[in-house]
Each structure stands twice: as C-alpha cells, then as structure tokens.
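Please read it alongside the sequence and the coordinates.

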Amino acid sequence: MSQGQTGAEQRLVTPGMAIGPSAGKRTGSGIITEKDTMIATQLGWLQEKNNTMSVHPIHSAYMPRSGDLVVANVAEVRNNLWFMDINGAFQGLLPMSLAPWKVEFGAARQHMDVGNVVLARVQEVDECHNVVLTMKGVGLRRLNQGAVESIPVQHVDRIRGDGNSLLQRLRDACDCRIMVGENGRVWIDGDSEGIAWARKALQMVAEKGHTTEFEAILAEMEQQKKGDA
Amino acid sequence: MGGYGDVKLLQEDGLRLDGRKLDEMRPVKIEAGVLPAADGSAMVTHGLNVAVAAVYGPMEAHPRKIQRQDRAVIDVRYNMAPFSTSDRIRPGFNRRSREISKVTAEALESVVLVERYPRSKIRVEIEILAAEAGTRCAGITAAAVALADAGIPMRDLIVGVASGKIEDTVVLDLDKAEDNYGQADLPVGILPNTGEIAFLQMDGDLSPDEYNLAMEYNFKAAKEIHEIMVEALQKRYEGGEA
C-alpha cells in the first residue's frame with residue numbers, strides 16, 4: 001500500500017493476485033475473472049472507477065488504437081508507402097494515399113526519408129496488429145524542427161494532466177510548442193533553452209508526477225526558469 | 001545419478017551435508033529491475049545459484065515464419081556463463097541449454113496471456129552467472145519476475161522449484177552433491193495461486209509415495225518463493241506509484 005498524489009490509499013498488485021469477488025463489479029484492463037474471482041494480470045496499481053476495477057500498469061508497451069495521435073519516425077521507404085516506427089511492437093504503415101501531399105508512384109522519398117519525424121494519427125488497427133497511419137487531418141505534418149523526448153507510455157496521461165492543464169502549464173513555462181503522442185513521444189519546439197527546460201520537466205513529471213512533493217518541485221523549476229529569463 | 005560411490009549425503013542426525021533439514025530450502029533472494037536496458041529484469045540468488053533474466057518486447061516476431069496469427073511466441077534463451085561452474089563451460093548453445101530453453105518457454109507460455117499479442121515475440125534471456133544445481137528452476141523464477149516487471153500480462157507468476165531423492169529419502173531443493181550423487185530429481189514449475197503445474201521433469205525413479213511427498217515439499221517451497229517474488233516486485237516500487 002502506498003499513497004499517491006490524491007492521498008488515497010493505493011494497492012500494488014502482482015500477476016495472479018486475487019483482488020476480490022467479481023460479483024457486481026466490471027473488470028477493466030489488467031484484470032481477468034476466474035471462478036468468480038477477479039485476478040490481476042499485470043504489475044500495477046489497482047483502480048476502481050465507475051464500478052470497474054482495473055490495473056494501472058507500472059510498465060506497459062504501446063498498443064496502438066484507432067484515432068491515437070502519434071509522433072512517428074520514418075523507418076523505411078518504398079515506392080508507394082512509408083513504414084513508420086511508432087514505438088510499438090509493430091511498425092505502422094503510411095500509404096501515399098494518406099500522405100498530405102500529392103505523391104507520384106516512386107517519389108515517396110522526395111517527400112519523406114528515413115529518419116524524418118512526423119505527427120500522424122492511427123487510422124486503423126486490425127486484429128493482427130497491422131497499423132495504418134494517416135497524415136490527412138488538421139495539424140498532422142512532417143516535423144522539421146524541434147526535439148523529440150521519450151517518456152514511458154503509461155505516463156502519457158500524467159504529462160497531460162486533467163483537461164491538458166499540466167501540459168498547458170509546461171507550455172507556458174518554457175514558451176515552447178509541445179505535442180504529446182499517445183506512443184510516449186513528445187515533440188517540443190521553441191528556443192534551445194526552452195526545449196532543454198521542457199525535456200527536464202517532462203522527465204520530472206514522469207518520475208515524480210504522483211508524489212506529494214511534485215507541486216513544489218515544479219513550482220521551483222518554473223520560478224528558476226522565470227529568473228533565468 | 002544412482003547413489004554410486006561412498007559419498008554420504010545424509011548425516012546420522014538426519015541433516016544433510018550442508019546442515020539443512022529434509023524439507024528445508026536453500027536461502028532465496030530476488031531483486032527486480034536489475035538491468036536498465038531491458039523492458040523487465042530480475043536476479044535470483046538461490047543458494048549458490050545466480051540467475052539473471054531480461055525480458056524484451058512484445059516486438060514483431062522475426063523471422064516471419066515463427067509468427068503466430070493468434071498469439072505471441074515466447075523466445076527463451078537459457079545460457080550458462082563460462083565461469084558459472086568450477087570447470088569452464090564452452091560458450092554458446094548446447095543440447096542442454098536448448099532443452100532448458102524449450103521447456104522454460106513452454107512453461108512461460110502457459111502463464112503469459114499470449115493471445116493478447118498476435119504475431120509478436122516476447123524475448124526472454126536467462127543467464128546463469130553461478131551454478132550449483134537447480135539452475136533451470138532459478139531461471140524460471142527469474143523469468144517470471146522479469147516478465148511481471150516488464151508489464152507483460154500473466155495469469156499467475158510461475159515458481160521453479162525442485163525436490164529429489166538421496167539415500168532413499170525424499171528431500172527438498174537438491175544442492176550440487178545431492179544432484180550429482182542422489183537418486184532422483186523432480187524439478188517443477190508451479191503456479192502458486194492456482195496450484196497448477198506448468199512444467200514437470202523427472203530424472204531418476206520415485207515411487208508414488210515418494211513422488212507425492214516430493215510434490216508436497218515442492219508446493220510448500222513454491223509458496224515461500226512466491227512470497228519473496230511478490231515482495232521483490234513490490235519493493236521495487238515502494239514509496240509510491242512509479
């Protein structure tokens with residue numbers, strides 16, 4: 001047991017641990033039901049929301065879902081498509097028909113080459129984990145400047161905060177544009193000092209966002225940044 | 001095996017060569033998250049055995065012929081370091097490590113929810129740094145903790161534990177001398193919460209009664225090791241959510 005930022009007691013569960021009877025409760029992610037008993041399947045913190053029990057995992061891999069905004073790297077280029085590294089188990093596929101440009105067959109490399117970073121959205125994921133990405137949409141584009149910082153996938157929500165409140169606070173503090181991908185990659189654009197501060201702040205939020213001293217540390221960092229400016 | 005030679009494995013007071021009782025296990029120490037580069041890792045010290053396990057993935061299974069359209073494959077590589085025993089071991093895969101890798105993978109497949117990751121591969125590397133009988137059990141225990149540390153969904157943890165027979169007496173957790181000069185060895189992989197057996201091998205002969213007693217010892221030891229595994233995982237994240 002431990003205390004999080006909310007002060008509520010949290011229970012750390014391990015795979016196979018019995019959580020309680022399943023009667024009257026719904027099972028969420030990280031939980032299975034066997035013989036009317038809920039059993040945790042992942043190492044993480046037990047949560048109960050709207051009568052649904054789930055485990056917020058301590059570690060997890062990125063599992064793409066349709067509609068996710070991701071920061072992707074071009075991993076491979078073919079005549080009519082790009083293979084994108086989306087920080088998941090499988091590469092995503094971006095066909096030229098879903099690129100924001102008019103691409104001639106065989107000319108894909110002229111628009112994006114290996115190593116380029118893009119902001120894309122997951123269009124479709126099938127049951128065999130084939131991921132199709134799209135760059136047709138508002139704000140989806142090739143990222144030509146700035147820096148990409150990686151954070152643990154399970155901490156993406158923590159970086160955003162309630163209604164993007166924390167993310168906006170970080171943006172304001174460093175005067176940078178910050179886009180958080182669901183795949184645990186964050187794109188930061190601004191002056192070099194702002195980017196450096198944002199990277200440090202992101203790692204701090206990922207590591208200490210749940211603790212009681214988090215607010216004080218962030219306030220101190222913000223103060224320091226203001227002083228430097 | 002077979003009890004040849006004049007090695008006396010049981011003393012007159014009923015204790016074993018290292019002073020343990022018949023149903024006493026060697027000391028076990030487990031640490032989770034020992035390798036920063038791995039997605040999950042663990043180190044198990046079981047007596048003089050030291051096993052380190054690292055888990056990577058789930059990732060796309062390569063070569064593609066090993067992919068399963070409905071589930072993930074678990075790729076286990078068990079290896080003993082050349083310096084793990086008193087005689088240097090030739091580095092690389094051999095028949096024994098191939099066999100242990102295979103049985104370990106099959107044991108882990110029965111607990112990991114492999115159907116969640118079709119076409120994927122979960123890579124488990126088990127390195128034995130020091131060996132003193134029971135390395136496959138220490139390896140399985142380490143792999144289970146490393147899988148949990150990596151956030152891989154599992155039905156239960158799996159505990160590797162062994163019993164055996166020396167001088168016509170069933171004992172728990174054979175050490176090197178008992179393994180070399182004893183009459184039987186019964187390593188099993190136990191799911192402590194459900195009481196299921198995920199893998200079982202037997203070297204030597206046991207009567208039904210001896211087998212039942214050996215399994216009784218194994219289940220008792222599995223419970224003890226399971227507590228240490230849970231403690232190791234919880235200790236890694238004590239003091240709040242990571």
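**Notes on the predicted complex**

1. Of the 229 residues in chain A, 35% count as buried; a residue is buried if 20 or more other C-beta atoms lie within 10 Å of its own, exposed if 12 or fewer, and partly exposed in between, with C-beta atoms placed from the backbone. This is a predicted model, in which local features need pLDDT of at least 70 and side-chain atom pairs count only at pLDDT 80 or more, while totals for chains, interfaces and linings use all residues. Residues are numbered from 1 along each chain as its sequence is written, and chains are lettered from A and ligands numbered from 1 in the order in which they are written.

2. Confidence. The predictor assigns the complex an ipTM of 0.89 and a pTM of 0.87. Chain A has an average pLDDT (the predictor's confidence in each residue, from 0 to 100) of 89, with 96% of the residues scoring at least 70. For chain B the mean pLDDT is 93, and 95% of its residues reach 70 or more. Residues 1-7 of chain A stay under 50 in pLDDT; for this segment the model has 20 contacts beyond four places in sequence. Two residues are in contact if their C-beta atoms, placed from the backbone, lie within 7 Å.

3. Overall form of chain A. Chain A contains five helices and 18 strands, where helices (H or I, at least four residues) and strands (E, at least two) are DSSP runs numbered from the N terminus. Along the principal axes, its C-alpha atoms fill a box of roughly 60 × 55 × 25 Å. Of the contacts in chain A with a separation of 6 or more, 55% are between residues 24 or more positions apart.

4. Helix α5 of chain A. This helix (residues 214-228) has 15 residues and reaches 21 Å from its first C-alpha to its last, close to the 21 Å expected at 1.5 Å a residue; the expected span is 1.5 Å times one less than the number of residues. The number of buried residues in α5(A) is zero, so the helix lies largely in the open.

5. The interface. In chain A, 26 residues are in contact with 32 residues of chain B. The side of chain A that touches chain B comprises eleven nonpolar, 14 polar and one charged residues; Ala, Val, Leu, Ile, Met, Phe, Trp, Tyr, Cys and Pro count as nonpolar, Asp, Glu, Lys and Arg as charged, and the others, Gly among them, as polar. Thr14(A) lies in the loop between β3 (12-13) and β4 (18-21) of chain A. Thr14(A) counts as buried because it has 25 C-beta neighbours inside 10 Å. Beyond four places in sequence, the contacts of Thr14(A) are Ala40(A), Leu43(A), Ala148(B), Leu157(B), Val230(B) and Leu233(B).

6. Nonpolar cores. A nonpolar core is a set of buried Ala, Val, Leu, Ile, Met, Phe, Trp, Tyr and Cys residues joined through C-beta atoms within 7 Å. The largest has 116 residues, and those with the most contacts inside it are Ala53(B), Ala142(B), Val145(B), Ala146(B) and Leu147(B). Another core, of ten residues, lies apart from it and includes Val13(A), Met38(A), Trp45(A) and Met53(A).

7. Helix α1 of chain B. Ile100(B), Ser101(B), Thr104(B), Ala107(B) and Leu108(B) are buried in α1(B). Seen down the helix axis, the buried residues of α1(B) fall within an arc of 130°, so they line one face; the arc is that of the directions from the helix axis to the C-beta atoms. Arg95(B), Arg98(B) and Lys102(B), on the other side of α1(B), are exposed. The packing partners of the buried residues are β4 (73-80), β5 (120-130), α2 (135-149), β8 (184-191) and β9 (196-200) of chain B.

8. Helix α4 of chain B. The 29 residues of α4 (residues 208-236) should span 42 Å at 1.5 Å a residue, and the end C-alpha atoms are 42 Å apart, which agrees. Among the buried residues of α4(B) are Tyr217(B), Asn218(B), His226(B), Val230(B) and Leu233(B).

9. Backbone geometry to check. Most residues other than glycine have a negative phi, and most peptide bonds are trans. The bond from Gly57(B) to Pro58(B) is cis, with omega near 5°, and Pro58(B) lies in strand β3 (residues 49-60) of chain B. Asp173(B) has a positive phi, near 60°, and is buried, with 25 other C-beta atoms within 10 Å.
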